[in-house]
Amino acid sequence: MNEDWERRTAEAWAAIDNHDAEKFRALIGTLADELPADSAIADFERACAFDSTGHSDRAVPLYRKALERGLTGERRRRAVIQLSSSLRNIGNPQESVDLLTAEMNAGSDRLDDAIRAVLALALTDLGREREAVSLAVGALARHLPRYQRSMADYARLLIEKE
């Protein structure tokens, strides 16, 4: 894998809407085939292609494989988020919550709000709507031009025990 491969992969993803689902998966598959057979990145890219074309069920095993093979960096965190979203989509919201809760405690980066958004959806599926709204409002609060402190407090109060 090199800069040229990364560039071509980024270009393919940027043009996803220019392809039908099958052709797009084939394009990503061709790029993934350029990597070693045991590549975690290849598994991840294939998983993303299935996921992005409506096949969460086929993406889940590939995300798991990529993580087991030692996917690192931002792709690793994206894999956890996307695996969790796919698990939720196929009816496993509790596993989604478990993975995302652990991921929230594993560090912080620019994907924190994506973790919170998917976690909020999974919590909703489990009937834990107050926690879901608390996460969503708390994540949104940091991005508001005003009312950050108030919204953060409201988010906390949604789940704080009386």
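## A tyrosine in a loop

Where is tyrosine 147 found? Tyrosine 147 sits in the loop between H8 and helix H9, which covers residues 148–159. Keep in mind that this is a predicted model.

Tyrosine 147 has a positive phi of about 70° although it is not a glycine. As background, most residues other than glycine have a negative phi. Tyrosine 147 also counts as exposed, because its relative accessibility is 54% and the cut-off for exposed is over 50%.

## The whole protein

Step back, and you'll see nine helices and zero strands. Read along the sequence, the pattern is simply α-α-α-α-α-α-α-α-α. The C-alpha atoms fill a box of roughly 55 × 35 × 30 Å, taken along the principal axes.

Of the 162 residues, 37% count as buried. The accessible surface comes to about 9400 Å², and 51% of that belongs to carbon and sulfur atoms. As for contacts between residues at least 6 apart in sequence, 52% of them join residues at least 24 apart.

## H3, the enclosed helix

Helix H3 runs over residues 40–52. Its 13 residues reach 18 Å from the first C-alpha to the last, close to the 18 Å expected at 1.5 Å a residue. Eleven of those 13 residues are buried, so H3 is largely enclosed by the rest of the structure. Among the buried ones are Ala40, Phe44, Glu45, Cys48 and Asp51. They pack against helix H1 (3–14), helix H2 (21–33), helix H4 (56–68) and H5.

Now for the two ends. Serine 39 caps the N-terminal end of H3, with a side-chain oxygen 3.2 Å from the backbone nitrogen of isoleucine 41. Just after H3 comes glycine 54, which takes a positive phi of about 85°.

Is glutamate 45 buried or exposed? Glutamate 45, which is found in helix H3, is buried, because its relative accessible area is 3% and anything under 20% counts as buried. Not counting residues up to four places away in sequence, glutamate 45 touches Trp5, Thr9, Trp13, Ile28 and Arg75.

Glutamate 131 is found in helix H8, residues 129–141. Glutamate 131 is partly exposed, with a relative accessible area of 31%. Leaving aside neighbours within four places in sequence, glutamate 131 is in contact with Leu123 and Ile159. Glutamate 131 and glycine 54 are 77 residues apart in sequence, and their C-alpha atoms are 28 Å apart in space.

In soluble globular proteins, nonpolar side chains tend to be buried together. Here, the largest nonpolar core has 24 residues, and Ile28, Phe44, Tyr63 and Leu71 touch the most other members. H1, H2, H3, H4 and H5 each supply at least two residues of this core. The largest share, eight residues, comes from H3.

A second, separate core has twelve residues, including Ile81, Ile115, Val118 and Ala122.

H2 has 13 residues and reaches 18 Å from its first C-alpha to its last, close to the 18 Å expected at 1.5 Å a residue. Its buried residues are Phe24, Arg25, Ile28, Gly29, Leu31 and Ala32. They cover an arc of only 160° around the axis, which puts them on the same side of H2. That buried set packs against H1 and H3.

Turn to the face pointing away from the buried side, and you'll find the exposed residues Glu22, Lys23 and Asp33. At the N-terminal end, aspartate 20 caps H2: a side-chain oxygen lies 3.2 Å from the backbone nitrogen of glutamate 22.

## H6 and its buried face

Helix H6 takes in residues 93–104. These twelve residues reach 16 Å from first C-alpha to last, close to the 16 Å expected at 1.5 Å a residue. Pro93, Ser96, Val97, Leu100 and Glu103 are buried in H6. Seen down the axis, the buried residues of H6 fall within an arc of 130°, so they line one face of the helix. In general, an α-helix has 3.6 residues a turn, so residues three or four places apart point the same way. What covers the buried residues of H6 includes helix H5 (73–89) and helix H7 (112–125).

Note on methods. Residues numbered from 1 in each chain as written. Predicted model: local features only at pLDDT ≥ 70, side-chain atom pairs only at ≥ 80, totals over all residues. Heavy atoms only, no water. Helix = DSSP H or I, 4+ residues; strand = E, 2+ residues; numbered from the N terminus. Expected span 1.5 Å × (residues − 1). Buried < 20%, exposed > 50% of the residue type's maximum accessible area, 1.4 Å probe, protein only. Arc of directions from axis to C-beta. Contact = heavy atoms within 4.5 Å. Polar contact = N/O pair within 3.5 Å; in protein donor to acceptor, adjacent residues only side chain to side chain. Core = buried A, V, L, I, M, F, W, Y, C linked by side-chain atoms within 4.5 Å. Areas by Shrake-Rupley, 256 points an atom, 1.4 Å probe, with all protein chains shown as cover.
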